[in-house]
Amino acid sequence: MSEQFEQGVAELGKQIDARISSYFSSCVHCGLCAEACLFYTETGDPRYTPIYKLEPMKKLWRQEHTISGKLAKTFGLSKPLQEQDFADWEELVYDSCTLCGRCSMVCPVGNDITYMISKEREGFSRAGYAPEGLKGATQRALEIGSPMGVTLKTVLATLAHVEKNTGLSVSVDQQGADYMTLFSSMEVVNFPEYIESIARIFDAGGVSWTISSKAFEATNSGIQIGNSDNAAEIVNRVVTAAEELGVKYVISPECGHAYTSIRWAGPNLIGRPYTFKVIHILELLEQLKQQGRIKFNGKTDEPVTFHDPCQIVRRGGVVEPQRDLLNSVAENFVEMTDHGVMNWCCGGGGGVSANERADELRAKAFDRKRRQIEETGVDTVVTACANCRMMLEDGIEENEMETTVIGLTELIADYLVTDAKEQPEVR
Amino acid sequence: MIAQLIDGPLWYFSFTIFVLGVLWRIFMILRAGVKKDLAVPREGGGAGALRAIFSRFVPERTVRRHGKVQLVAGYMFHLGLFALLFLARPHVDFFAERMTGFGWWSMPYWAFIVAAEVAFAGLIMLWLYRLLNPVTRLLSSADDYIGTVLVFLVMLSGCLALAQSVEALRLLHLFLAELLLIYFPFSNLMHAFTFAFSRGYTGATMGRKGIRA
């Protein structure tokens, strides 16, 4: 048994809090969580049942937290965790779980299985049992500042393009701005139109905003891989930058995982509340709309549907703003059958998209989303997460679907009244 | 001799094990602790906890569509069992005599028969589902089967005892119930108590985020 493995088991043991202890105590092995998990529903493989992914942690819990388990361990009736247990379960813990949280919504005894899996990852990653893709992403996030290796130089180049395309000035490191904006690397590299859109919208709404040269990345690979030390370091960069600039708010980008990381996990990772507030871009856009600071001119007559990023709705609590915003710019918004907090994941959350080993499984799991989209009979999917967008585009291409994916913030910007003299169309 | 043992010391012993064991298990859960959530909440966690404790009695759509057997059988078994446990005449008399000092309304005989049939049907369906469904078969441990068999035998002996009015059957029923009480704290029958904790913890976390869970 290696020293690293022993550290991993010790870490796994530390993660068992009252929540997890009550969850294992309550589970009656009904298997209903399987029906909520797209990896099970799309493959039919019982090993992908969410609670089954927690067998190593359950074994440790039983041995450490129950009388029968302690007795069984003492008398040699139950073996301690072996390296092989971690090796066998690594795929279940990382490849077949996007931390989407759907299983946690259906469990009759209320187990937050997603929380359990995220805690189990802490033990696995400490023991060295984590996918290479995620290890690399975390390393890059720590060393370069971005899981995709995006440097400040790249961000500044993108911002220069944004300024050229919009004719607007984007401030960097502006002391005393109200808002500090974060991005996901994917937005910087793949969807710079998101940055252009917020520049236009913030200009129209008179928002005082800036970008920090010290912390522009919002995603947190430390959380995805399950290493809270790394996760805390990544959060700390944002906190330090925001506090140095003296901003009142930090804006989470569309990226759902980024939002839960900085909004909900962040203060707990660094061990103190922030001196600023965190707001999701969709919440801010909704506020601007409600305050009449942004107005829209016309609506798209193209029927659209909306893919809910799990971390924004189910794990983040932002459910209605996107619907209100979409209805403001779309004549015909068709909801998917399961939407809002019971949406189905794109298949690439929780670090799965960074894990090449999981590509084949992810492609299978996408079948759920394909059917959902096709059932709506709509050719345009709007979403609000760069990672979801990439996964949707991948799946759409692989399945040869005639579907277009667009970002909600961009759609909002397309119908924005930018000139004070330009009046919204009477509807 | 055996009758006196079952009716007397073994009852007190098993009941003590049950109470202390349940309390110990709950203590072990609480002792593990939960860190204070430092993120600024949208709503109070208490309201979320309370909501989840009750809202999870109503199945989510995914469960209604894909978990019909577990849902129907689960409700049949639990409702039937509770009716038998708390409203069967001999049980009400037993509680009044040994624990509470007062009795309450009990079911007429025909209602007892209906409750027993509903509980048996539910339990047998759940049992078969556990054996035949690949997911539950994979998840299930010896504990699940021992618990099921014990509950089944307790219910069966209880029904026979009431129907036949034979003292030996009453003693057999009491003896099996005592075994169940001793086994209870060591098993996942504990969910009868801990479900409130698990639902509450999740509901509080979700509630702080403004999510109805």
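1. Basis of the note. The model is predicted, so local features need pLDDT of at least 70 and side-chain atom pairs count only at pLDDT 80 or more, while totals for chains, interfaces and linings use all residues. Residues are numbered from 1 along each chain as its sequence is written, and chains are lettered from A and ligands numbered from 1 in the order in which they are written.

2. Chain B as a whole. Chain B has 11 helices and 0 strands, where helices (H or I, at least four residues) and strands (E, at least two) are DSSP runs numbered from the N terminus. Along the principal axes, the C-alpha atoms of chain B fill a box of roughly 65 × 35 × 35 Å. Of the 213 residues in chain B, 35% are buried; a residue is buried if 20 or more other C-beta atoms, placed from the backbone, lie within 10 Å of its own, exposed if 12 or fewer, and partly exposed in between. Among the contacts in chain B with a separation of 6 or more, 76% come from residues 24 or more positions apart. Two residues are in contact if their C-beta atoms, placed from the backbone, lie within 7 Å.

3. Helices 9 and 10 of chain B. Helix 9 (residues 142-164) and helix 10 (residues 167-183) of chain B have axes that come within 8 Å and cross at roughly 155°. Helix 9 of chain B is therefore roughly antiparallel to helix 10 of chain B. Axes are lines fitted to C-alpha atoms, for helices over the stretch in contact, and angles run from 0 to 180 degrees between N-to-C directions. Angles under 35 degrees count as roughly parallel, over 145 as roughly antiparallel, 65 to 115 as roughly perpendicular and the rest as oblique. The crossing of helix 9 of chain B with helix 10 of chain B is left-handed, meaning that the near helix is turned anticlockwise from the far one by less than a right angle, whereas clockwise would be right-handed. Residues making the contact include Leu150(B), Val154(B) and Ala161(B) of helix 9 of chain B, and Leu169(B), His173(B) and Leu180(B) of helix 10 of chain B. By class, this contact has 14 nonpolar, 4 polar and 1 charged residues. Ala, Val, Leu, Ile, Met, Phe, Trp, Tyr, Cys and Pro count as nonpolar, Asp, Glu, Lys and Arg as charged, and the others, Gly among them, as polar.

4. Leu181(B). This residue is located in helix 10 of chain B. Leu181(B) counts as buried because it has 23 C-beta neighbours inside 10 Å. Leaving aside residues up to four places away in sequence, Leu181(B) touches Ser14(B), Phe15(B), Ile17(B) and Phe18(B).

5. The interface between the chains. Chain A contributes 44 residues in contact with 47 residues of chain B. On the side of chain A that touches chain B, helix 2 (18-26), helix 5 (67-74), helix 7 (102-106) and helix 15 (256-270) of chain A each supply at least two residues. Helix 2 of chain A gives the most, with 7 residues. This side of chain A divides into 22 nonpolar, 15 polar and 7 charged residues.

6. Helix 4 of chain A. The buried residues of helix 4 (residues 55-65) of chain A include Met57(A), Leu60(A) and Trp61(A). The partners against which the buried residues of helix 4 of chain A pack include helix 1 (3-14) and helix 8 (113-127) of chain A, together with helix 2 (9-32) of chain B.

7. Helices 1 and 8 of chain A. Helix 1 and helix 8 of chain A pack at an angle of about 165°, with their axes 7 Å apart. Helix 1 of chain A is therefore roughly antiparallel to helix 8 of chain A. The crossing of these two helices is right-handed.

8. Domains of chain A. Chain A is divided into domain 1 (3-130), domain 2 (135-290) and domain 3 (304-414), with bounds that come from an automatic or database domain assignment. The C-alpha centres of domain 2 and domain 3 of chain A lie 22 Å apart. Between these two domains, 29 residues of domain 2 of chain A are in contact with 28 residues of domain 3 of chain A.
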